[in-house]
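Dear colleague,

Please find below the structure that I am handing over to you. My findings follow directly after it.

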Amino acid sequence: MSYLTPHFYEVERQLGLPQEATAALEAAAAKIEAYPRAREKFDALLKAHLFPAARDFKTCFAALKKLSMGCGIKAYTLNFVFLIVAAEIMHTRYRERGLPDELFWATLMDLKYKHRECVDCKGVHGIFVPGWYQGFYALRRFALGRYQYDMNTFDRADFTSAAGITVKTGDKVLGIHIPSSFVPLTDEVRMDSLKRAYAFFPEFRRPDGLMIFECSSWLLDPNYKTFLPPTANTIRFIDDFEITACTSCEKFTDAWRIFDRWGYLSPRSWPEDNSLRRAFKHHVLSGGKTSHGHGIIVFDGEKIVR
């Protein structure tokens, strides 16, 4: 089979990838096509991990890494090729379920964000966190406005909000992810996304009409209020949530999300070319810790219930 199908090129176009990226991806795809044994292994991975549904991506991409080494292709680049080829299967399943193309392309745009992270952090055209994509390809994670949403069940102890709303273990909740799209987390875009999710997932509304969102992220650290201005979008985002847990981290392992490739180096090497970077660098160098928090939002379709 040919991997460089019209859909492959359409994905590249829709993502708006730079020419050097498309050249690297197309060369890698052509290289797999050129070797029968490589093509056979690639096809076997597609069959094993996309049918009857997307599954066990960790095993899939471990095998793909071995294939990349045997073919002289960078593993991150081959990850991206696999995800683009598999996107045609994903697109077919959207259409079979009556889901709009607009939603498919908005959701797939995460590939663009992760490609940019790969270039910024690893210097390679590709994807370095391929296991993240199982939820997208299994049609359990969708992009609706600024956020992406997972269909989850609450796996923590029962929690009662300040407004007296109890979320019980096993309740349906929507998990929020914040892609690195560079769209500011303003009040307007945050509320717009929550409203879209409320409309898109009616089965996640409780009998009282409320919907519960949860998020687990390095962003949910109330201590950021000590060194970020109260008007910062990051603080406004934190304030949307009721924090249910917050664990201090000995090392800021998510520094790459702010500082790209420099985030893997000593904090003294972190750049200070914007206010967020300056604030986090000063905080860490001053002995400040970062945390990983979990929080919930109770939403009635129009506003957060507090």
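Aspartate 56 is found in the loop between helix 3 and helix 4, where helices (H or I, at least four residues) and strands (E, at least two) are DSSP runs, numbered from the N terminus. Although aspartate 56 is not a glycine, its phi is positive, at about 50 degrees. With a relative accessibility of 38%, aspartate 56 counts as partly exposed; buried means under 20% relative accessible area, exposed over 50%, and partly exposed in between (1.4 Å probe, protein chains only).

Please note that this is a predicted model, in which local features need pLDDT of at least 70 and side-chain atom pairs count only at pLDDT 80 or more, while totals for chains, interfaces and linings use all residues. Residues are numbered from 1 along each chain as its sequence is written, and side-chain values use heavy atoms, with hydrogens and water left out.

The loop between helix 3 (36–50) and helix 4 (57–71) also holds proline 52. A cis peptide bond, with omega about 0 degrees, joins phenylalanine 51 to proline 52. Another positive phi, near 60 degrees, occurs at leucine 139, again a residue other than glycine. Leucine 139 is placed in the loop between helix 8 and strand 1, and its relative accessibility of 2% makes it buried.

As for the chain, its secondary structure comes to 12 helices and 8 strands. Its radius of gyration is 21 Å, close to the 19 Å that the globule rule gives for 306 residues, so the chain is as compact as a globular protein of that length. This radius is taken over C-alpha atoms, and the rule is 2.2 Å times the number of residues to the power 0.38. Of the 306 residues, 48% are buried.

Helix 2 (residues 19–34) contains alanine 24, which counts as partly exposed at 26% relative accessibility. Apart from its neighbours within four places in sequence, alanine 24 is in contact (heavy atoms within 4.5 Å) with Thr77 and His125. Alanine 24 and histidine 125 are 101 residues apart along the chain, yet their C-alpha atoms are separated by 6.9 Å. Threonine 22 is also in helix 2, but it is buried, with a relative accessible area of 14%.

In helix 6 (residues 101–108), the buried residues are Leu103, Phe104, Trp105, Thr107 and Leu108. Their cover includes helix 1 (6–15), helix 5 (75–96) and helix 9 (187–200).

What is the volume of the largest pocket? It is about 1,200 Å³. A pocket is an open set of points on a 1 Å grid over the protein atoms alone, where a 1.4 Å probe fits, with protein on both sides within 12 Å along at least five of seven lines; lining residues have an atom within 4 Å of a point. Grid points are joined across faces, edges and corners, and a volume is the space filled by probe spheres set on the points. The largest pocket is lined by 40 residues, and Ile178, Ser180, Trp218, Leu219 and Arg257 lie nearest its centre. Helix 12 gives the largest share of this lining, 5 residues.

The second largest pocket has a volume of about 240 Å³. It is lined by 17 residues, of which Lys251, Phe252, Thr253, Pro267 and Trp270 are the closest to its centre.

Yours sincerely
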